[in-house]
Amino acid sequence: MNSQNFQKNNQFFNFENIFQRRIKKFLFYYLTLFKAPNFLGKTINDGKNKFRSGLTFLLSENKKEGIAIAAAAELTWAGIIILDDIGDFSEIRRGSLAAWKKYGLLKASHAALLSFQIAEHILMENKLDELIDLLRKNTSETILAQIEQADFDFSIQSNKVLNNYLRKTSLGRWAIDAVINENKSLPEKEKSILRVFNQLVGVAAQIKNDLDDFKKNRGYESYLKDIQSKIINYPLSLFFEKALKNDKQYLIKKYWGRNNLNEKEVVELLEKYKAISDSEERTEILLEEALKILNLIKDKKFKKIFSNWVKSF
Amino acid sequence: MIYSIFMSENNQKNIKKAVAIIVQRGEKLLLLKESINKSYEKGKERWSFPLGKVEGNEDILNAAYRELKEETGMSGIFDFKINGLFFLNDKTQKNKYILGTSFFCKLPSFRKIKINKENKTMWFKIGKIKECKLRQNMEVLIENYEQSKFPEK
């Protein structure tokens, strides 16, 4: 019997195909919801047999829970293999370039951390609290293992975070660009000046937003949200760039994805390496530069609107 | 925090600033040839994007225009965009840093450009640049350039 006939006649394989279609549909929704990079979906898809998650699904009594657990398992697996490749410096995965090699260390590690985050979200939606604890423990240990194995720190990454902010359309920057472009009376040189101003303020505003995450009394949203979501914002990237290995490990082990936050301790740890005050100083430098550039334009209306905008920060 | 910028007259922090300019025409980028002064490589040549320090109280945009004119002779209005921001440690002063800004402008292939013949400049195809001996840190600028995707006008 050749393998094709074997698959055709085998009930398990037929069932596996149905499972694969269901999980694909299920995961596609969450990957879109979390704006996951395409290669994360591809990494999940590449793990072809899906034997473990298939088995989880088959064994579960409640099929709704089963698909959630299976999806979380697939996501965790994808995140772990991405981190494994980074840890081992493996350049090839299943005959093609490994994610970190192809998309860069920062994008790959973000995708891996995001996959854990989505898995956690799925489990949370299905109230599978015991599994959430298990997932947190395992994923934190995996990250720690990478650090120990390959000295996986985020060194020289703060400029990459900065440049990601520069490319990201954030805080309505696109809208301001559109206003500048559509204003026919504004000379080309003034438009160019305003676009550069807009870029600098956009990056500064994003860092300011990151800094707000470390302030408890800002009156909205929960503080230290980025740390819990395993997002490396700019102050954190500065910390990972400068901190000693032990401090990095301590921060990750104690606070990465945990709710038992002690704001004072986190801020003190970051300030030990001036990550927060340096971020504040750099924000000021960028805004200072932006205001200097704003002075180059002659249009008083734009000058007034934009300088008031900066003052409102 | 921000009010300190408006309140203080002497708000210049101990920070040095530098600009680099990536000019693209068609599918090519403009590079400058320069001689190496370091003793162990003296006489050898390498390639660099036009770049330089920001002087005194000058803003980074004017510094980009000035450096481009000084190093290549190019003048006129350029649609500059920032395509890279870097905070680098200043090796000469402890706890101080340098703000490096790389500007990018894309020129239409039909735009005529006057370039000083004294300056050794050359248009390089993007793929060929990596084969050249480049000045230190130019790789970072190229990497950043490749990752930037500016929408076509």
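Student: Where does K127(A) lie?

Tutor: K127(A) sits in the loop between α7 and α8 (129-150) of chain A. Keep in mind that this is a predicted model.

Student: Which other residue has a positive phi of about 55 degrees although it is not a glycine?

Tutor: Look at K274(A), which has that phi and is not a glycine. K274(A) belongs to the loop between α15 (263-271) and α16 of chain A.

Student: Why is K274(A) called partly exposed?

Tutor: K274(A) has 16 C-beta neighbours inside 10 Å. Buried needs 20 or more and exposed needs 12 or fewer, so K274(A) falls in between and counts as partly exposed.

Student: Back to α7(A): how do you know that its length is close to what is expected?

Tutor: Helix α7 (residues 105-125) of chain A has 21 residues, and from its first C-alpha to its last it reaches 30 Å. The expected span, at 1.5 Å a residue, is 30 Å, and the helix is close to that.

Student: Is α7(A) mostly covered or mostly uncovered?

Tutor: Mostly covered, since 15 of the 21 residues in α7(A) are buried; each of those therefore has 20 or more other C-beta atoms within 10 Å.

Student: What makes L97(A) exposed?

Tutor: L97(A) has 12 other C-beta atoms within 10 Å. The cut-off for exposed is 12 or fewer, so L97(A) is exposed. You will find L97(A) in strand β2 (residues 96-97) of chain A. Leaving aside residues up to four places away in sequence, L97(A) touches E91(A), I92(A) and K102(A).

Student: Why are α13(A) and α16(A) called oblique to each other?

Tutor: The axes of helix α13 (residues 234-242) of chain A and α16(A) cross at roughly 125 degrees, coming within 8 Å. Perpendicular covers 65 to 115 and antiparallel starts over 145, so the angle between α13(A) and α16(A) counts as oblique. The crossing of α13(A) past α16(A) is right-handed.

Student: Which residues of α13(A) and α16(A) meet?

Tutor: From α13(A) come Y234(A), P235(A), L238(A) and F239(A), and they meet A275(A), I276(A), D278(A) and S279(A) of α16(A). By class, this contact has 6 nonpolar, 1 polar and 1 charged residues.

Student: How many residues does each chain bring to the contact between chains A and B?

Tutor: Chain A brings 29 residues and chain B brings 23 residues. On the side of chain A that touches chain B, α16(A) gives the most, with 11 residues. That side of chain A has 13 nonpolar, 4 polar and 12 charged residues.

Student: What elements make up the secondary structure of chain B?

Tutor: Chain B has 4 helices and 7 strands. Starting at the N terminus, they run α-β-β-β-β-α-β-β-β-α-α. Of the 153 residues in chain B, 25% count as buried.

Note on methods
Residues are numbered from 1 along each chain as its sequence is written. Chains are lettered from A and ligands numbered from 1 in the order in which they are written. This is a predicted model: local features need pLDDT of at least 70, side-chain atom pairs count only at pLDDT 80 or more; totals for chains, interfaces and linings use all residues. Two residues are in contact if their C-beta atoms, placed from the backbone, lie within 7 Å. Helices (H or I, at least four residues) and strands (E, at least two) are DSSP runs, numbered from the N terminus. Ala, Val, Leu, Ile, Met, Phe, Trp, Tyr, Cys and Pro count as nonpolar, Asp, Glu, Lys and Arg as charged, and the others, Gly among them, as polar. The expected span of a helix is 1.5 Å times one less than its number of residues. Axes are lines fitted to C-alpha atoms, for helices over the stretch in contact, and angles run from 0 to 180 degrees between N-to-C directions. Angles under 35 degrees count as roughly parallel, over 145 as roughly antiparallel, 65 to 115 as roughly perpendicular and the rest as oblique. A crossing is left-handed if the near helix is turned anticlockwise from the far one by less than a right angle, and right-handed if clockwise.
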